[in-house]
Amino acid sequence: MDSLLDALQEGRLIELPEDYDKEDALRFLAHILEAIPSLPAGTDVAERIIAKEKTTKTALGKGWACPDARVPFNEDLICVVGWSPIGIDYGTPDGLPVRIIAMYLVPENQRSNYLREVSLLAKALEIYPGLENLNKALELNEVREHLLDLISSTKGTVGPDTRARMIQLQARPSIVEAPAYNLANLIVEPVSIITGTGIKPVVLAQDRQLVDALDDSTGLAESIATQGVFQSGGWRIVKRREASFQADRVLFDCLAIKAANGKSS
């Protein structure tokens with residue numbers, strides 16, 4: 001399960017807000033995939049995921065789902081993992097809420113590798129003795145350690161390189177708490193946006209270039225409110241949650257994602 005291991009190694013294990021429903025979670029994770037620099041510009045992963053979900057059930061059972069987007073180009077198989085602390089009503093056959101969403105971007109040259117990985121994952125879920133503890137995990141570091149254990153439960157089928165990478169991951173210090181994600185070649189910054197009737201959006205962030213890019217942009221509030229994503233100055237802004245206040249003011253809690261080389265994703 002190399003792609004799942006890559007997601008853990010490169011920081012693509014992300015806590016989902018507790019108020020997210022199924023579509024919120026799918027769109028959020030898809031927008032993370034869309035920000036990866038190697039993807040061709042304009043690749044709409046979110047709509048591919050949502051469209052496929054309407055015709056194909058992607059739940060594996062036991063609190064897991066593996067949605068995928070097939071894309072018409074050659075690239076690496078990429079996985080991003082979302083963890084829901086309380087579980088998401090996913091319409092699963094076993095009726096259990098989904099706590100782990102492993103979303104895959106599947107290029108044409110990786111379809112056989114994807115099928116093999118999902119098959120191994122399904123088998124691992126059948127034999128992993130710590131699944132109940134994974135579903136009861138309370139914080140992201142616990143989830144990460146259980147996922148490493150889950151991968152190790154397929155040790156009869158993974159190669160020595162994979163086992164060596166797992167040992168390196170297990171030896172690392174605990175990952176920092178969200179939202180300080182390391183998404184491998186991406187800069188990820190927390191950003192808050194305050195909007196309201198008749199006022200210019202107020203952008204709160206530590207990165208001055210990010211603030212300047214959003215201050216000078218148009219359509220920021222409308223795009224975040226209706227689509228959950230906005231792009232400006234090489235930054236992709238992805239909405240995590242929102243809260244309403246008096247005077248029709250809304251606070252959007254977002255992640256701002258940008259390629260580390262400064263190029264727009």
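Mentor: Let us begin with the surface. The model is predicted, and the protein in it exposes about 12600 Å², of which carbon and sulfur atoms supply 49%. Its fold comprises nine helices and eleven strands. Of the 265 residues, 51% are buried.

Trainee: What share of the contacts with a separation of 6 or more comes from residues 24 or more positions apart?

Mentor: Such residues account for 65% of those contacts.

Trainee: What makes helix H1 largely enclosed by the rest of the structure?

Mentor: Helix H1 spans residues 2–9, and six of its eight residues are buried, so the rest of the structure largely encloses it. The buried residues are Ser 3, Leu 4, Leu 5, Ala 7, Leu 8 and Gln 9. After H1 comes Gly 11, which has a positive phi, near 80°.

Trainee: Why is the pair of Tyr 20 and Phe 28 called edge-to-face?

Mentor: Two aromatic pairs are counted in the protein. In the pair of Tyr 20 and Phe 28, the ring centres are 5.8 Å apart and the planes meet at 70°. The centres must lie within 6.5 Å and the planes over 60 degrees apart, so this pair is edge-to-face.

Trainee: How do you know whether Tyr 20 and Phe 28 are buried or exposed?

Mentor: Buried means under 20% relative accessible area. Tyr 20 has 10% and therefore counts as buried; Phe 28, at 2%, also counts as buried.

Trainee: Which residues form the other aromatic pair, and what is its geometry?

Mentor: Tyr 104 and Tyr 114 form an edge-to-face pair, with 5.4 Å from centre to centre and 65° between the planes. Tyr 104 belongs to strand E6 (residues 98–107) and Tyr 114 to helix H4 (residues 111–127), so the pair ties together parts that are ten residues apart in sequence. With relative accessible areas of 0% for Tyr 104 and 6% for Tyr 114, each is buried, because the limit is under 20%.

Trainee: What makes Lys 22 a charge over the ring of Tyr 90?

Mentor: Lys 22 lies over the face of Tyr 90, at 4.3 Å from the ring centre.

Trainee: Which residues touch the most other members of the largest nonpolar core?

Mentor: That core has 35 residues, and those touching the most other members are Leu 16, Phe 28, Leu 33, Val 45, Ile 101, Met 103 and Leu 105. Among the elements that give two or more residues to this core are helix H2 (22–34), helix H3 (45–53) and strand E5 (78–88). H2 gives the most, with seven residues. Leaving out residues up to four places away in sequence, Met 103 touches residues including Leu 26, Leu 33, Ile 49 and Val 80. Another core lies apart from this one; its 32 residues include Leu 77, Tyr 114, Leu 121 and Leu 148.

Trainee: Why is Gln 209 called exposed?

Mentor: Gln 209 has a relative accessible area of 57%. Exposed means over 50%, so Gln 209 qualifies. Its place is in helix H8 (residues 208–215). The C-alpha atoms of Gln 209 and Gly 233 are 8.8 Å apart, although these residues are 24 residues apart along the chain.

How values were computed
Residues numbered from 1 in each chain as written. Predicted model: local features only at pLDDT ≥ 70, side-chain atom pairs only at ≥ 80, totals over all residues. Heavy atoms only, no water. Buried < 20%, exposed > 50% of the residue type's maximum accessible area, 1.4 Å probe, protein only. Helix = DSSP H or I, 4+ residues; strand = E, 2+ residues; numbered from the N terminus. Contact = heavy atoms within 4.5 Å. Areas by Shrake-Rupley, 256 points an atom, 1.4 Å probe, with all protein chains shown as cover. Phe/Tyr/Trp six-rings, centres within 6.5 Å; stacked < 30°, edge-to-face > 60°. Lys NZ or Arg CZ within 6 Å of the ring centre and 35° of its normal. Core = buried A, V, L, I, M, F, W, Y, C linked by side-chain atoms within 4.5 Å.
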